[in-house]
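Here is a short briefing on one protein model. Look at the structure first, then read on by topic.

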Amino acid sequence: MSEQSISTVIIDAPLADVEAALFAIDAYPDWLTSIKKVDVIERDAENRITKAKLAIDAGMMKDRVTLDYDWSAAPSA
């Protein structure tokens, strides 16, 4: 079983717009149909989510995961 997953995506949009969408993890169910629920467990001093429990339903794949987010390498505007 994987302990870590890393991916890269290039998005042609202003950085502020991308950050706003990606950092709002608790809003994922509003625009990602496979994410059914997000429970925020912890936030950092900048109010970014650092731990959350997600309920995923992607058809044949259903799961509940607790994810830790590390913002130390996040881009700054």
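How many residues lie between β1 and β2 in their hairpin, and which residue in the turn has a positive phi? There are five residues between the two strands, and Asn-47 is the one with a positive phi, about 70 degrees. Keep in mind that this is a predicted model.

- Three strands make up an open sheet, and their order is β1-β2-β3. The pairing is antiparallel.
- β1 and β3 are the edge strands, as each of them pairs on one side only.
- On average, neighbouring strands of this sheet are turned by 10 degrees against each other, with direction ignored.
- In general, strands of a sheet pair through backbone hydrogen bonds, either parallel or antiparallel.
- Strand β1 covers residues 35–43, and strand β2 covers residues 49–58. Seven bridges join these two strands in the antiparallel sense.
- Two positions show how the strands line up. Val-40 has Ala-52 in β2 as its bridge partner. Lys-37 stands opposite Ala-55 in β2.
- As a general rule, side chains in a regular strand alternate between the two faces of the sheet.

**The aromatic rings**

- The count of aromatic pairs is three.
- The limit for buried is under 20%. Trp-31 has 48% relative accessibility, so it counts as partly exposed.
- Phe-23, Tyr-69 and Trp-71 are linked into a cluster by ring pairs.

**The largest pocket**

- The largest pocket holds about 930 Å³ of space.
- Its lining has 19 residues. Closest to the pocket centre are Ser-5, Ile-6, Ser-7, Leu-67 and Tyr-69.
- Which strand gives the most to this lining? The answer is β3, residues 61–68, with six residues.
- Sorted by class, the lining has ten nonpolar, six polar and three charged residues.

Terms used
Residues numbered from 1 in each chain as written. Predicted model: local features only at pLDDT ≥ 70, side-chain atom pairs only at ≥ 80, totals over all residues. Heavy atoms only, no water. 1 Å grid on protein atoms, 1.4 Å probe; cavity = no way out; pocket = protein on both sides within 12 Å on 5 of 7 lines; lining within 4 Å. Points joined across faces, edges and corners; volume = space filled by probe spheres on them. Helix = DSSP H or I, 4+ residues; strand = E, 2+ residues; numbered from the N terminus. Nonpolar A, V, L, I, M, F, W, Y, C, P; charged D, E, K, R; others polar. Pairing = 2+ DSSP bridges. Axes fitted to C-alpha atoms, helices over the stretch in contact; angles between N-to-C directions. Phe/Tyr/Trp six-rings, centres within 6.5 Å; stacked < 30°, edge-to-face > 60°. Buried < 20%, exposed > 50% of the residue type's maximum accessible area, 1.4 Å probe, protein only.
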